[in-house]
Amino acid sequence: MSKKNKLSIIVLLILVVISGCNKFNQNEILGTWISTDKTDTLEFVDNSNFYKSSKYMRHEHYDYHLYKDSIEIRYSGTLMILVQPTKHKYYLDNNTLTIDFRNKICYGFNSAEITFIKQ
């Protein structure tokens, strides 16, 4: 096998592994998540939008982007306030999603590590 063929195979394998990891997380996060204290509900509808409901807000729109170990979130709901996106560590394990909001204030969320259960 030539060096060119070996290099092509290695590049292809790397691309498959990288794209497979991103799709796994992206597909796993879709759906409805309720915080363990039952105060917040998140509904991830596609790969860039989710809606948050709580006793203070009803079906408010947020944009998001997943990275390897963090999620970038930006409020873009009906209150029309300009909010910069913030990044937070997240952990996704089967039906449990934990987002750590302690590092930066994220509009609409408490400054805490919040765990959600998939419904």
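Let's start with lysine 89, which is partly exposed, with a relative accessible area of 41%. Do keep in mind that this is a predicted model. The side chain of lysine 89 meets that of aspartate 69 in a salt bridge, at 2.7 Å from N to O. Lysine 89 sits in strand E6 and aspartate 69 in the loop between E4 and E5, so the pair ties together parts that are 20 residues apart in sequence. Aspartate 69 counts as partly exposed too, at 37% relative accessibility.

How many salt bridges does the count come to? Five. As a reminder, side chains of opposite charge can pair when their charged atoms come close.

Another of these bridges joins lysine 52 and aspartate 40, with the closest N and O atoms 2.9 Å apart. Here again distant parts of the chain are linked: lysine 52 belongs to strand E3, residues 49–53, and aspartate 40 to the loop between strand E1 (31–35) and E2, twelve residues away. Are these two partners buried or exposed? Lysine 52 is buried, at a relative accessible area of 1%, and aspartate 40 is buried as well, at 7%. Burial means under 20% here, so both values qualify.

Next, please find aspartate 100 and arginine 102. They form a salt bridge whose closest N and O atoms are 2.8 Å apart. Aspartate 100 counts as buried at 13% relative accessibility, while arginine 102 counts as exposed at 54%.

Now for the nonpolar side of things. The largest nonpolar core has 22 residues, and the members touching the most others are Ile29, Phe44, Ile71 and Leu97. Which strands each supply at least two residues of this core? They are E2 (41–44), E4 (60–66), E5 (70–75), E6 (86–93), E7 (96–100) and E8 (113–118).

Leaving aside residues up to four places away in sequence, phenylalanine 44 touches Ile29, Leu30, Gly31, Trp33, Asn49, Phe50, Tyr64, Ile71 and Leu97.

That brings us to the aromatic rings. A search of the whole structure turns up eight aromatic pairs. In one of them, phenylalanine 50 and tyrosine 64 have ring centres 6.0 Å apart and planes at 55°, so the pair is tilted. Phenylalanine 50 is buried, with a relative accessible area of 1%, and tyrosine 64 is buried at 4%.

The rings of tyrosine 75 and tyrosine 107 are also tilted, because their planes stand at 55°, and their centres are 4.7 Å apart. Tyrosine 75 lies in strand E5 and tyrosine 107 in the loop between E7 and E8, so parts 32 residues apart in sequence are tied together. Tyrosine 75 counts as buried at 2% relative accessibility, whereas tyrosine 107 counts as partly exposed at 30%. Ring pairs link Phe44, Phe50, Tyr62, Tyr64, Tyr75, Phe101, Tyr107 and Phe109 into a cluster.

Together with Leu79 and Ile81, Tyr107 makes a nonpolar surface patch of about 250 Å². Isoleucine 81 is placed in the loop between E5 and E6, and is partly exposed, with a relative accessible area of 36%.

Conventions: Residues are numbered from 1 along each chain as its sequence is written. This is a predicted model: local features need pLDDT of at least 70, side-chain atom pairs count only at pLDDT 80 or more; totals for chains, interfaces and linings use all residues. Side-chain values use heavy atoms; hydrogens and water are left out. A nonpolar core is a set of buried Ala, Val, Leu, Ile, Met, Phe, Trp, Tyr and Cys residues joined through side-chain atoms within 4.5 Å. Buried means under 20% relative accessible area, exposed over 50%, partly exposed in between (1.4 Å probe, protein chains only). Helices (H or I, at least four residues) and strands (E, at least two) are DSSP runs, numbered from the N terminus. Contact means heavy atoms within 4.5 Å. A salt bridge is a side-chain nitrogen of Lys or Arg within 4 Å of a carboxyl oxygen of Asp or Glu. Patches are made of residues with over 30% relative accessible area and no salt bridge: like charges are joined within 9 Å, nonpolar side chains (Val, Leu, Ile, Met, Phe, Trp, Tyr) within 5 Å. Accessible areas come from the Shrake-Rupley method with a 1.4 Å probe; for residues, only the protein chains shown count as cover. Rings of Phe, Tyr and Trp (its six-membered ring) pair if their centres lie within 6.5 Å; planes under 30 degrees apart count as stacked, over 60 as edge-to-face and the rest as tilted.
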